[in-house]
Amino acid sequence: MVRLSGGSFAMGSEDFFPEERPVRDVRVDSFWIDQHPVTNTAFARFVRQTGYLTVAERTPAAEDYPGAGPQDLVPGALVFRPTERPVPLDDWRRWWRYVPGACWRHPRGPGSTLDGLDRHPVTQVAYEDAAAYATWAGKQLPTEAEWEYAARGGLAGATYVWGDEFEPTGRRMANIWVGAFPWQFHPGRGQARRPGTTAVGTYAPNGYGLHDMTGNVWEWTVDHFHPEHPPACCAPQMSASETTAPQRFSRHVVKGGSFLCAADYCLRYRPAARQGQTEDTATCHLGFRCVMHDAPET
């Protein structure tokens, strides 16, 4: 973990999406934050020691998803599927699928494994899963303000966590989508031929020594995303079926963007960017990191 001294900063942005406005002065107290997102190795240790079963591994309750058929009420999670050709970008169902059997152990569905992904961020974790891990580790999930303060790395008002230039000296600075979304993908450093997570630390850290504060995976925060905010662009709002997510599932703010954020669709690999995600949802591009407000033992 990295210790950050408390301070004030200008949170939000006036230059991009409406949910990031207005820019306001916010102060945070000193805290510790994980240097990188929680990895598959760390999450596997938690599961071994506790026997924890994630939301995606449990059978959804019929009363939580009115209108869903029995065939839909099976354990699973959302998996990205690139399209074969250009498609309109107004409906995420064209590239997202609810896949029975998808979970943190099988992030792309049955048959997929974590082989070679030990140092990759854990994905397919719902809010409850991230909070359970944080409690087990003696930590907490960050507030949105803590997360954004950390992501900015001391750069006041910069567009990206590394500055204002998208690719300084021609270098890709984060694991994001480069190409025409959602069908044409140009791999970057540490990426396979298809879009996906990269090992934590693949890209340079920000000014506070923190890795993957943007790109790679979206990250949960404890703050709620209010109903008046517009719907998400690339953070799907449904989980167990194609029915509307029920009102009893609140939305939490997720931050940082992911490997699916593209300039022509979702320019959210920026510290000010934010989206709402229903707390029951698990996807292959959503993870988390933790904070502490007391000094860690190690």
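The model is predicted. It holds 13 salt bridges, and a search of the whole structure finds zero disulfides. Strand β8 pairs in the antiparallel sense with β9 and runs antiparallel to β7.

**Helix α2**

- Helix α2 spans residues 127–136, and its buried residues are Y127, D129, A130, Y133 and A134.
- These residues cover an arc of only 165° around the axis, which puts them on the same side of α2.
- An α-helix has 3.6 residues a turn, so residues three or four places apart point the same way.
- Just after α2 comes G138, with a positive phi of about 75°.

- E128 and R58 meet through their side chains in a salt bridge, at 3.0 Å from N to O.
- E128 sits in helix α2, and R58 sits in the loop between α1 and β5 (76–80), so the bridge ties together parts that are 70 residues apart in sequence.
- E128 is partly exposed, at 40% relative accessible area.
- R58 is also partly exposed, with a relative accessibility of 27%.

**Salt bridge between sequence neighbours**

- E84 and R85 form a salt bridge, with their closest N and O atoms 3.7 Å apart.
- E84 is exposed, with a relative accessible area of 71%.
- R85 counts as exposed too, at 53% relative accessibility.

- E148 and R152 form a salt bridge in which the closest N and O atoms are 3.0 Å apart.
- Both residues belong to helix α3 (residues 144–152), where they lie four residues apart, about one turn of the helix.
- Both E148 and R152 are buried.
- A network of salt bridges links E148 and R152 with E144, K255 and R274.

- The cut-off for a disulfide is sulfur atoms within 2.5 Å.
- C290 counts as buried, at 0% relative accessibility.
- C266 is buried as well, with a relative accessible area of 0%.

- Is β8 enclosed or open? Five of the five residues of β8 are buried, so the strand is largely enclosed by the rest of the structure.
- In a regular strand the side chains alternate between the two faces of the sheet.
- β7 and β8 run antiparallel and are joined by three bridges.
- H224 has H252 in β8 as its bridge partner.
- β8 pairs with strand β9 (residues 274–278) over five bridges, in the antiparallel sense.
- Q275 in β9 stands opposite V254.

Methods: Residues numbered from 1 in each chain as written. Predicted model: local features only at pLDDT ≥ 70, side-chain atom pairs only at ≥ 80, totals over all residues. Heavy atoms only, no water. Buried < 20%, exposed > 50% of the residue type's maximum accessible area, 1.4 Å probe, protein only. Helix = DSSP H or I, 4+ residues; strand = E, 2+ residues; numbered from the N terminus. Arc of directions from axis to C-beta. Salt bridge = Lys/Arg side-chain N within 4 Å of Asp/Glu carboxyl O. Pairing = 2+ DSSP bridges.
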